[in-house]
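Please look over the sequence and the model shown below.

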Amino acid sequence: MPFLLMVFLTVACLPKWDPQAPPGWVDSIFWSALLTWLGVALTALEAFLAAWRVRRAVERDPGRRDRATARYERGRFGRQLLLIGVYALSLYGFSWGWAVAQLWSWDGRGAAPILGVKMLTLAPFFLSLLLSWVFAYDADRSLFLAAYRQLDGDPLARAILDSGPAAPVRAAAKEFGGRWSYVAFQARQKLALVFLPVLLLVAQQEISLQIDEKIQNEWAWQLSAVAIVGVLAVMLSLPWMVRLALGLKPLPPGPTRDRLMAAARRLRFRCSDVLLWDTRGSMANAMVIGVLPWPRYVVFTDRFLEEFNGDEVEAVFGHEVGHVKHQHMPYYLGFMMLSMAVMLYACLYASSLWPGLGGGSLGALLDGIPLNDAWIPAGAVLLLAYMFLVFGFLSRRCERQADVYGCRAVSCGRGDCVGHENGAGLAPRAVGLCPTGIRTFIYALEKVASVNGMSRDRPGFLQSWQHGSIARRVAFLYGLLKDPSAERRFQQRVALVKWGMIVVLGAALAVLIGVCPTPTDGTDPAPKEPSVEAPDQVPNAGIKLDLDSSRS
Ligand SMILES: [Zn+2]
Ligand SMILES: [Zn+2]
């Protein structure tokens with residue numbers, strides 16, 4: 001879901017709407033605004049009613065908590081789709097982007113945009129999202145409290161706790177906190193994992209809208225250089241930005257920290273720090289951020305450290321280290337950029353076949369190449385399909401590689417191993433596999449599914465396209481347990497797939513560049529391309545959120 005949302009918002013803020021041609025059925029600013037904000041009100045009403053139903057159900061009977069939770073969680077995904085759908089209708093049906101471009105311009109006709117025009121375009125969506133959190137607070141809070149009410153209604157539990165009636169409920173209510181701290185918490189989570197790349201793209205768009213087109217053409221080369229330097233700077237500072245947005249704190253001193261530091265030394269793994277992510281106990285997860293050794297963080301959530309023991313934490317730490325050792329992030333980055341370039345040239349080629357589609361902001365950006373904004377939604381759908389199918393396939397292979405590295409990280413290398421005493425005698429640099437190491441990792445994986453409430457066998461497509469189901473990952477590791485020599489064949493196969501993909505994409509790009517029309521003014525479009533694609537894709541590729549959380 002975070003990924004879907006990111007692509008959608010990117011698509012929403014890319015087009016430069018033509019003041020002469022509203023894209024939807026509505027061609028009056030008044031009606032566009034009225035219908036758009038009515039849509040916001042309706043989604044808010046829906047969020048309010050969903051939360052109210054949950055609250056009423058568990059307040060009448062706390063025993064119905066589990067059923068109400070399950071129903072509410074199932075609806076969560078549908079509600080996010082509803083937000084996206086209503087906003088897409090505003091943009092393409094009610095011409096909201098077009099209306100803002102006209103309204104928010106110095107001349108009132110869209111020729112001289114005022115700073116903030118893109119933010120205003122996105123405002124209805126962000127407001128819907130904000131209101132959905134405001135109301136979700138009631139549902140989440142009453143579900144949280146229902147657990148304590150159940151306890152409160154049980155005389156035995158009350159006798160053991162030795163407290164007055166309703167004391168646990170009052171304490172729990174205090175622990176859950178107020179509505180605004182809940183909303184702020186949700187906003188920070190979303191900011192770090194979804195909106196950061198989108199906001200950077202919006203900033204880039206706002207700035208380029210403020211710079212006169214004539215200046216843009218005169219200084220094209222210099223502006224491209226600034227854009228590339230900017231993207232590199234963003235990529236390098238991404239770990240700091242995520243740390244700031246999520247409010248990550250260094251893992252406090254103690255046995256877990258000592259053990260992870262020792263593991264890092266043993267695996268010859270460099271990172272700036274191991275951080276703790278306070279998710280209010282909502283998920284058990286780990287991730288690694290940062291392409292370079294500095295800044296690079298390994299992050300564990302609060303729930304993860306509560307539920308997993310030392311061996312398991314070390315095994316999952318090994319999985320994160322595995323992503324770095326196998327160079328997955330630079331590979332993803334290269335793969336994405338190559339894919340984007342192929343897709344861009346494919347669009348160019350297609351629009352040269354149908355010349356009637358000339359113009360649009362992408363076309364202007366690419367110096368007179370006939371590429372129309374009509375391609376943006378189609379390109380986004382294509383991109384999504386490509387990501388789910390091709391990138392998903394690659395990503396699942398890479399996760400398996402990281403899983404194997406995680407097993408190695410807690411292995412001693414002896415084939416006849418029957419157990420390790422407190423992690424003693426583990427192989428340096430993860431050189432060997434042993435049955436105990438594989439079993440430790442399998443156990444940790446199974447626990448990820450059960451603690452996060454994910455289905456082990458059939459988690460649903462959106463939860464498993466990047467990582468694969470826990471059942472399949474475990475089955476693969478059991479295969480290694482039976483036949484350790486299978487690992488070499490697996491690694492060879494993955495290497496073949498990864499490099500084969502790069503070769504195929506490179507060849508496709510070469511062919512497309514050959515058949516595409518040359519730009520009218522003779523400049524090569526390629527150097528400018530990062531300013532279009534990079535801000536949304538590149539920063540994202542630096543984050544690896546692992547073991548996929550069940551929520552988005
Ligand atoms: Zn062993
Ligand atoms: Zn992973």
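In which helix is the place of Gln216? In this predicted model, Gln216 belongs to helix H9, residues 213-218, where helices are DSSP runs (H or I) of at least four residues and strands (E) runs of at least two, numbered from the N terminus. Gln216 is partly exposed because 13 other C-beta atoms lie within 10 Å; a residue is buried with 20 or more such atoms within 10 Å, exposed with 12 or fewer, and partly exposed in between, with C-beta atoms placed from the backbone.

## Basis and confidence

Residues are numbered from 1 along each chain as its sequence is written, while chains are lettered from A and ligands numbered from 1 in the order in which they are written. Because the model is predicted, local features need pLDDT of at least 70 and side-chain atom pairs count only at pLDDT 80 or more, whereas totals for chains, interfaces and linings use all residues.

The protein chain averages a pLDDT (the predictor's confidence in each residue, from 0 to 100) of 83, and 86% of the residues score at least 70.

## Strands E3 and E4

From strand E3 (residues 286-289), Ala286 and Val288 point one way and Met287 and Ile289 the other way, and all are buried. E3 runs antiparallel to strand E4 (residues 297-301), to which four bridges join it, and Ile289 stands opposite Tyr297 in E4.

Definitions and conventions:
Pairing = 2+ DSSP bridges.
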